[in-house]
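Here is a short report on one protein chain. Please keep the sequence and the 3D view open while reading.

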Amino acid sequence: MKKIIVAIFLILFFSEIYASESNFRNSDWGMSIKEVKENEVKIEKTDIKNTYESTDYLFDNEFIVNFIFENNKLIKGSYLLMFESNNINSKFSLLNNLYKSLNKKYGDNNIKNVDFELFLLDRKKIIIKGYCDFECKWEYDNTNIILEYIYVQDSGYLQINYNYIIRSPIEKESEEQIVMAIGFKNKDGFRNSKWGMKINEVKKLESLKLHLESKKILSYNCILLGMPCKIMYSFDANRLRYGFYFFNPNISSSSSIINDFLQLKKKLISQYGLPKEDNSENINNFSNKTKYELSVLVDESDFRCVWIDNNCEIQLRLSEDSDIDFSIILSYTNLLHTKESYEDLKNKL
């Protein structure tokens, strides 16, 4: 198992994900006016109560940048571009670039209205209509992001809104409850934590004693379902993206190893139904093989099962490891997180 964990650690360490640690531009929700001013250039008070503004360029277009406060705490931000034109198609390229950039940063877990879906499918039909009302939403961490584009007759506006989400506290489950669901069932996360959480947030929600910590990894040891188990949280840019269980099965025989694998598979089927992919249907036929023969079969056959649940991929896999003979890996991957990098706009959007 050591080799497997080290290999996964190296892969995760070198897979760079570009993401701003701030909620809006260079600032976090809850910052005071004074603190935001220190992060922004030429921010000025407006005639609107509790609103400050500056300007910035996105794809060579100058936007008004608004900062909205409540009780001297930053709660909203926006980019706004007003325009006049007799050509409805005039800002479609800008809209398209902003949409792609937001998708790269926040993943394609967006909600689009009918006009936006039509725009992505057939831009010509939108032009024929002569007007449009686009809206697309993302939710990331504690922020709602809304991309809007409204055009009527010869004028319109393009806006990106960022709104602070006040979330109710997460109800922590006991270790017994987690074991019953093997850490995930329509939770949008891993164990007690949500995808996108920061390392310190995850540490507060994990009841087990911390074994190992780095900028990319949190690791815990426990006995789970009767097997020694290493639990690992993996982060990209300080955001939770992966969760792993590394089980040490009973390695006294091929039969005991396969039995532990099938018991886990049975439990996962009770949670998620039949696997989307299953390469392990004939694994029981090898119970009478020697452990050496089973190790060869594992290398050649890749005994694994895959489920998809709430935009998460769950994968159960039997692995051969020379250090401890065999291990069973149960992994959870957030499918909404993208690995595509974005460059110039990564700290703006």
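Among contacts in the chain between residues at least 6 apart in sequence, what percentage join residues at least 24 apart? The figure is 56%. Contact here means heavy atoms within 4.5 Å.

This is a predicted model, in which local features need pLDDT of at least 70, side-chain atom pairs count only at pLDDT 80 or more, and totals for chains, interfaces and linings use all residues. Residues are numbered from 1 along each chain as its sequence is written, and side-chain values use heavy atoms, with hydrogens and water left out.

**The chain overall**

The chain holds 9 helices and 18 strands. Both are DSSP runs numbered from the N terminus: helices are H or I with at least four residues, strands are E with at least two. Of the 349 residues, 50% count as buried. Buried means under 20% relative accessible area, exposed means over 50%, and partly exposed lies in between (1.4 Å probe, protein chains only). The accessible surface comes to about 18,000 Å². Carbon and sulfur atoms account for 48% of that surface. Areas come from the Shrake-Rupley method with a 1.4 Å probe; for residues, only the protein chains shown count as cover.

**The sheet and its strand pairs**

An open sheet of 8 strands runs in the order β1-β2-β3-β4-β8-β7-β6-β5, with antiparallel pairing. Its edge strands are β1 (44-45) and β5 (111-112), and each pairs on one side only. Two strands pair if DSSP finds at least two bridges between them. Strands of a sheet pair through backbone hydrogen bonds, either parallel or antiparallel.

| Pair | Residues | Bridges | Facing residues |
|---|---|---|---|
| β3 and β4 | 61-70 and 73-84 | 7 bridges | asparagine 66 and serine 78 |
| β11 and β12 | 210-213 and 217-224 | 3 bridges | leucine 212 and serine 219 |

A hairpin joins β11 to β12 through 3 residues.

Helix α4 (residues 114-121) lies across β5, β6 (132-140) and β7 (143-152). The helix runs at about 100 degrees to β6. Axes are lines fitted to C-alpha atoms, for helices over the stretch in contact, and angles run from 0 to 180 degrees between N-to-C directions.

Aspartate 133 sits in strand β6. Is aspartate 133 buried or partly exposed? Aspartate 133 is partly exposed, because its relative accessible area is 41%. Leaving aside neighbours within four places in sequence, aspartate 133 is in contact with Asn113, Asp115, Tyr149 and Ile150. The C-alpha atoms of aspartate 133 and isoleucine 150 are separated by 4.5 Å. Along the chain, these two residues are 17 residues apart.
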